[in-house]
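Student: I have just opened this one and would like to go through it slowly. Can you take my questions as they come?
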Amino acid sequence: MSATHKTQSLQIRDFSSILMISAWGFAMVIASFLFLYLGHLLDEVLGTAPNFMFGLFFLALITSIGRLYQEAWLKGKTFRN
């Protein structure tokens, strides 16, 4: 394998990682706002101030971060092999 081919391969891998992180960031923002809005609607219907709003918001954040960690862990395993 030539040096330029290795350099291009590393650049593609770096770009892939950046793209994955930005996609996950976008997914976290969308999920957080969606769950925040759904929690707000549930709170209005049930009259339970900010309970569901905060609960669903943190649920979306924790779930998104967990999935990001899981994907990063699997991607790290494939890069090491």
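Student: How many helices and strands are there in the chain?
Tutor: The chain has two helices and zero strands, where helices (H or I, at least four residues) and strands (E, at least two) are DSSP runs numbered from the N terminus. This is a predicted model, in which local features need pLDDT of at least 70 and side-chain atom pairs count only at pLDDT 80 or more, while totals for chains, interfaces and linings use all residues. Residues are numbered from 1 along each chain as its sequence is written, and side-chain values use heavy atoms, with hydrogens and water left out.

Student: What share of the residues counts as buried?
Tutor: Of the 81 residues in the chain, 14% are buried, meaning under 20% relative accessible area, with exposed being over 50% and partly exposed in between (1.4 Å probe, protein chains only).

Student: Ser32, then: buried or exposed?
Tutor: Ser32, which sits in helix H1, is buried because its relative accessible area is 6%.

Student: And what is Ser32 in contact with, beyond its neighbours within four places in sequence?
Tutor: Apart from those neighbours, Ser32 contacts Phe57, Ala60 and Leu61, a contact being heavy atoms within 4.5 Å.

Student: Switching topic, how many aromatic pairs does the structure hold?
Tutor: It holds two aromatic pairs. In one of them, Phe57 and Phe58 have ring centres 5.4 Å apart and planes at 65°, so the pair is edge-to-face. The rings of Phe, Tyr and Trp (its six-membered ring) pair if their centres lie within 6.5 Å, and planes under 30 degrees apart count as stacked, over 60 as edge-to-face and the rest as tilted. Phe57 is partly exposed at a relative accessible area of 23%, and Phe58 is also partly exposed, at 46%.

Student: Where is Lys75, and what does it touch?
Tutor: Lys75 belongs to helix H2, which covers residues 51-80, and, leaving out residues up to four places away in sequence, Lys75 touches Ser16 and Met20. Lys75 is also 58 residues from Ser17 in sequence, yet their C-alpha atoms are 9.2 Å apart in space.

Student: Is Lys75 buried, exposed or in between, and why?
Tutor: Lys75 counts as partly exposed because its relative accessibility is 26%.

Student: What about Leu38, and why is it classed as it is?
Tutor: Leu38 lies in helix H1, residues 3-46, and Leu38 counts as partly exposed because its relative accessibility is 38%.
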